[in-house]
Amino acid sequence: MTHSKYVILFMVFLSIFNMSNSQQSFEKDLFDVNGTSLELWFIGHGTLMFKYGDKVIHIDPVSNEADYSQLPDADLILITHEHGDHLDPATVSEIYGANTVLICNESSSSGLQDCIVMGNGDRKKVDDIIIEAVPAYNIKHERSPGNPFHPRGNGNGYILELGNKRIYVAGDTENIPEMSNMGKIDITFLPMNLPYTMTPEMVAEAAGRIRPEILYPYHFGTTDTGEIVKLLKGSGIDVRIRKLN
């Protein structure tokens with residue numbers, strides 16, 4: 001075999017290895033929802049992917065967190081807000097297929113094609129998935145006096161009803177009063193990094209309002225996730241820490 005053939009075989013092997021390694025690097029949790037499989041994929045930072053039966057849901061997909069050429073195209077894409085670590089139009093285009101439904105807040109819509117705009121309080125059904133857009137904003141943390149990092153009425157969190165599971169992905173928010181009126185939440189994702197979202201103490205207070213069965217802190221950067229585990233010890237809330245790159 002010539003040297004060039006060895007090189008080609010090595011490059012093919014390396015490509016396969018990298019593809020496998022890329023996909024296996026994401027932690028996943030698996031649930032049974034009335035006989036339908038639900039996989040939660042922890043991609044990185046504020047980026048998630050859910051597989052519900054044969055449906056693929058991407059939330060705030062950005063290329064900094066994954067090689068999306070190695071991930072499946074979306075049936076549903078949810079964009080919480082327009083900041084660059086949550087909105088990446090090129091990545092959205094990469095996973096956008098013929099039947100993809102793309103949902104975003106109004107401020108994200110100008111950079112996206114065929115986006116269905118949802119505002120706080122809006123509800124929509126996509127096939128058998130019910131989506132509710134809920135508020136996501138800062139009360140305390142500001143860029144400058146009177147200028148919050150995330151102003152009220154702009155960004156969305158999303159509550160997804162997948163069979164008998166209600167999953168709340170909060171987006172960039174603090175422990176806002178609206179969290180007390182969300183009804184039963186089975187699984188919640190709450191952001192925990194300063195100065196943009198919440199401290200562990202604020203996340204603990206938010207979790208006390210929401211009372212989920214399972215809490216996944218996300219968007220936590222260098223925050224010590226052990227703090228939220230300590231704060232919610234004995235609360236009855238299952239706090240699960242997962243790798244988010």
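Predicted model: local features only at pLDDT ≥ 70, side-chain atom pairs only at ≥ 80, totals over all residues.
1. An open sheet with mixed pairing is built from seven strands, arranged 1-2-3-4-5-6-7. The edges are taken by strand 1 (27–33) and strand 7 (115–117); each has a single partner strand, so one side of each lacks a neighbour in the sheet. Direction ignored, neighbouring strands of this sheet are turned against each other by 20° on average.

2. Strands 3 and 4. Strand 3 (residues 47–52) and strand 4 run antiparallel and are joined by five bridges. Within this pairing, F50 has I57 of strand 4 as its bridge partner.

3. Strand 5 and its partners. Strand 4 (residues 55–59) pairs with strand 5 in the parallel sense over three bridges, and H58 has its bridge partner in I77 of strand 5. Strand 5 also pairs in the parallel sense with strand 6 (residues 96–104), over four bridges; here A74 stands opposite Y96 of strand 6. Between strand 5 and strand 6 the chain passes through helix 2 (residues 89–95), and this β-α-β crossover is right-handed.

4. Strand 5 (residues 74–78) is largely enclosed by the rest of the structure, because four of its five residues are buried.

5. Nonpolar cores. The largest nonpolar core has 54 residues, of which L40, F50, I131, Y168, F189 and L190 touch the most other members. Helix 3 supplies the largest share of this core, namely six residues. A second, separate core holds 18 residues, including M49, Y68, V92 and I95.

6. Surroundings of F50. Apart from neighbours within four places in sequence, the contacts of F50 are L38, E39, L40, K55, V56, I57, I59, L160, I167, V169 and F189. Among these contacts, I57 is also the bridge partner of F50 in strand 4, while L40 and F189 are, with F50, among the core residues that touch the most other members.

7. Helix 3. The buried residues of helix 3 (residues 200–210) are P200, M202, V203, A204, A206, A207 and I210. Their cover includes strand 13 (165–169), strand 14 (187–191), strand 15 (214–218) and helix 4 (226–231). After helix 3 comes R211, with a positive phi near 55°.

Notes: Residues numbered from 1 in each chain as written. Heavy atoms only, no water. Buried < 20%, exposed > 50% of the residue type's maximum accessible area, 1.4 Å probe, protein only. Helix = DSSP H or I, 4+ residues; strand = E, 2+ residues; numbered from the N terminus. Contact = heavy atoms within 4.5 Å. Pairing = 2+ DSSP bridges. Right-handed = clockwise from strand over helix to strand, strands pointing away. Core = buried A, V, L, I, M, F, W, Y, C linked by side-chain atoms within 4.5 Å. Axes fitted to C-alpha atoms, helices over the stretch in contact; angles between N-to-C directions.
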